[in-house]
Every structure is written in structure tokens, then in C-alpha cells.
Amino acid sequence: MADEHESFDLRSPPLDPSAAAGHSWFPGPPPPMYSCTLTPELVHKAREELQEKPEWRLRDVQALRDMILKEQPNLRTRLDDAFLLRFLRARKFDYDRALQLLLNYQAGRKAWPEVFQDLKPSTVKHVLDLGFLTVLPQPDPNGRYILCLRPGKWKPNDYPFVDNVRAIYLTLEKLIQPEETQVNGIVILADYTGVGMSQASNPGPFLAKKVVSILQDGFPIRIKAVNIINEPMIFKGIFAIIKPFLKEKMAERYILHGSDLRSLHRNIPRSVLPEEYGGIAAQLDLCAWSRVLLNCEEEFIVEFCQPDPLEGVVLPDAMLFEGEQASGQDDDTFRGLRSQLYYCY
């Protein structure tokens, strides 16, 4: 067994032309050797918002790489420039915070095997076919892709809730590949039409906490806004489950629109929204994003169907997700929240 830092070449394999044609509206995977693809405008934005200096970019990547090699010699992770840049940009080129985010990213994979084991698009095709999520083909005027979630499409009898989490994670992994997303971030549009008691009470606080922990502290993506529409009265109870785990800055980015599409259009213009949401960008196409992911099957097999990246790595307790010892408290909390849900409903 190697006694030096072990790394794998987990860069995305090139897609063949026929596969690329299936999702030409979304940027393809990055090239094997890093080459900046940012426009001059995005270079300026990255400098202003992320403290990214083009002349120091590769020096900063090397500094993070050196920290990993020195402080986490047993960590199996990608070390290529494009991958490490995601974490630097997500933490505004603070080396320590970027390394912490990378370790959280890997810790999440170890702490939640139900999500990350055998994680590839074909295993969530039923979620995509149901229409639980999609990505709108046009970014907003700020260059941010819009992840559209429709939790009301899922019923607990359909399949385990964790399958939804798997589909969301695969989507985020694909969205973060283009450098423009790393700089601009993304926007979430969540349509709560059809959400009732069965969906609201199913995940529970422990599961909700794990989802929030991964999205907020364990994934290198900038979520700039969460627009909630058509939320029922029961949403107060749902948000009561989620809010305790949100940082103040993230909680402030939740915008509740109700059924007021004019309010939604003040945050997401009609030009990029489908007809279903009062937009002018044709009807919602559920198949387009599904094709994007399914055409990347081999890419995700290389990325996720590999040995445990944390094997042999000792992490501080503060970094790990809370285990079953916390479940009793969560159960008690959930019983109280369940009462709130029934009352709201």
C-alpha cells in the first residue's frame, strides 16, 4: 500500500459528439488541462467578489494542493487545478476555509452512504422522469442557472426521499463544472404546489439537517437565492424544520412569493421562466436536464463509484455529521414540529 499521498485522476472524460449533442445548451466538462474560460467581465467579477487574482490563480491552487499533501496525506481526492479552484472560489480564496470545505465535502460522502454509494444518473432516472427537479435552459441576467425543484411531484410511496437528495447532488455536481457557475452561483426555484402533510413530515429534522449541512457547508457552490412559490400554509411547519440549521446569511436568501407571480418576476425575469410560471421561455422541458445527466453516466462512475476517499483519514469531531446519538433529540423535536405541521395543515 502506498505510503505517500494517494490521488486519482478523476477528471471528467471527454464526451463523444453524439452524447454532447444531447445537451448542447449546457457547457461540457472542463478540459483535462486547466485553461481559464472566464470572460473578461467574469474575471473582473471574480476579482471583485471572490478576491481571485488571475495572475495568482495557479499559485493559490498550488498552495491549497500543498496544504492537502501536508495536512491530509491519506486523503484520496482529485488534485487537479479545475477541481481545487471550485473550493477556493466558494471560500473567496481563503486557503484554510477552502481546505475545510473540501474535507466537509468528502466527510459528507462518508457520513451518508445511502446517498453517495453507486451514485450515477441511471440510479435516479425515476426521480428525473417524475419531474421532481430540472434546470432551466437559460441562466438569469446575472448568469446564474436556475435549479427548479417541485417537491409536490413526489409522494412517500413512490420511492425513498433519499433518492431525491441523490438527484439534487448529481445536478449540483454537473452545475458546478462550468467556471461561470463557480463565479456567478445558482438560483433555486422551489414550487410547492401539491405539497401536503405526507411530504412535509417525511424527511424529519435529522435528514433535513444532513441535507442543509451538505448544501451549506459541504459543497463548493454559491446558492444566491431560494425562491419559494405556491407554498401552502403547511410551509410554515416545513421551514420550522429547516431554519434552525440555516446560517443567517442563507436564511435571508429565502424569498416567499406565495402565488404572486409578479413578485417572482421581480426576482427572476419572465424572459428565462417557462410558461408555467408566467414566463415567455416556452413550456417547462423536463427531458432536457435528464438528458444532460444521463449522457454523463461514465463521468459520474469515475467520480463517485470509487474507493472511500476518507479511508485512513482521521477528522476532527467537529467536522463530522452528528450520528445516531443525536437522534433522540431530533425525534423529540420532530414530534413537536409534527404537531405544528398538523396545526398548519
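**Exercise 1. The largest nonpolar core**

Task: Find which members of the 73-residue largest nonpolar core touch the most other members.

Solution. Of the 73 residues in this core, Leu133 and Leu175 touch the most other members. A nonpolar core is a set of buried Ala, Val, Leu, Ile, Met, Phe, Trp, Tyr and Cys residues joined through side-chain atoms within 4.5 Å. Helix 8 supplies the largest share of the core, eight residues. The core also draws at least three residues from each of domain 1 (40-111) and domain 2 (114-305), with domain bounds taken from an automatic or database domain assignment. In soluble globular proteins, nonpolar side chains tend to be buried together.

The model is predicted: local features need pLDDT of at least 70, side-chain atom pairs count only at pLDDT 80 or more, and totals for chains, interfaces and linings use all residues. Residues are numbered from 1 along each chain as its sequence is written, and side-chain values use heavy atoms, with hydrogens and water left out.

**Exercise 2. Helix 8**

Task: State what span helix 8 has, and how many of its residues are buried.

Solution. Step one is the span. Helix 8 (residues 162-175) has 14 residues and reaches 20 Å from its first C-alpha to its last, close to the 20 Å expected at 1.5 Å a residue. The expected span is 1.5 Å times one less than the number of residues. Helices (H or I, at least four residues) and strands (E, at least two) are DSSP runs, numbered from the N terminus.

Step two is burial. Because 14 of the 14 residues are buried, helix 8 is largely enclosed by the rest of the structure. Buried means under 20% relative accessible area, exposed over 50%, and partly exposed in between (1.4 Å probe, protein chains only).

**Exercise 3. The sheet**

Task: Give the strand order of the open sheet, then trace which strands pair and in what sense.

Solution. Start with the whole sheet. Five strands form an open sheet in the order 1-2-3-4-5, with mixed pairing. Strand 1 (133-135) and strand 5 (254-258) are the edge strands, each pairing on one side only. From one strand to the next the twist averages 20 degrees; axes for such angles are lines fitted to C-alpha atoms, for helices over the stretch in contact, and angles run from 0 to 180 degrees between N-to-C directions. Two strands pair if DSSP finds at least two bridges between them.

Next, take the pairs in turn:

- Strand 1 and strand 2 are antiparallel, over three bridges; valine 135 has leucine 147 of strand 2 as its bridge partner.
- Strand 2 (residues 145-149) and strand 3 (residues 186-191) are parallel, over five bridges. Tyrosine 145 stands opposite isoleucine 186, isoleucine 146 has valine 187 as its bridge partner, and leucine 149 stands opposite alanine 190.
- Strand 3 and strand 4 (residues 223-229) run parallel and are joined by six bridges; leucine 189 stands opposite asparagine 227.

**Exercise 4. Two faces of two strands**

Task: Decide whether the residues on each face of strand 2 and strand 3 are buried or exposed.

Solution. In a regular strand the side chains alternate between the two faces of the sheet. In strand 2, Tyr145, Leu147 and Leu149 point one way, Ile146 and Cys148 point the other way, and all are buried. With five of its five residues buried, strand 2 is therefore largely enclosed by the rest of the structure.

In strand 3, Ile186, Ile188 and Ala190 lie on one side and Val187, Leu189 and Asp191 on the other, and all are buried. Six of the six residues of strand 3 are buried, so this strand too is largely enclosed.

**Exercise 5. Cysteines**

**Exercise 6. Positive phi**

Task: Locate phenylalanine 93 and alanine 282, and say what phi each has.

Solution. Most residues other than glycine have a negative phi, and most peptide bonds are trans. Phenylalanine 93 has a positive phi near 60 degrees. This residue lies in the loop between helix 4 (81-90) and helix 5 (95-111) and is buried, at 10% relative accessible area.

Alanine 282 has a positive phi of about 65 degrees. Alanine 282 sits in the loop between helix 14 (261-265) and helix 15 (286-294) and is partly exposed, at 43%.
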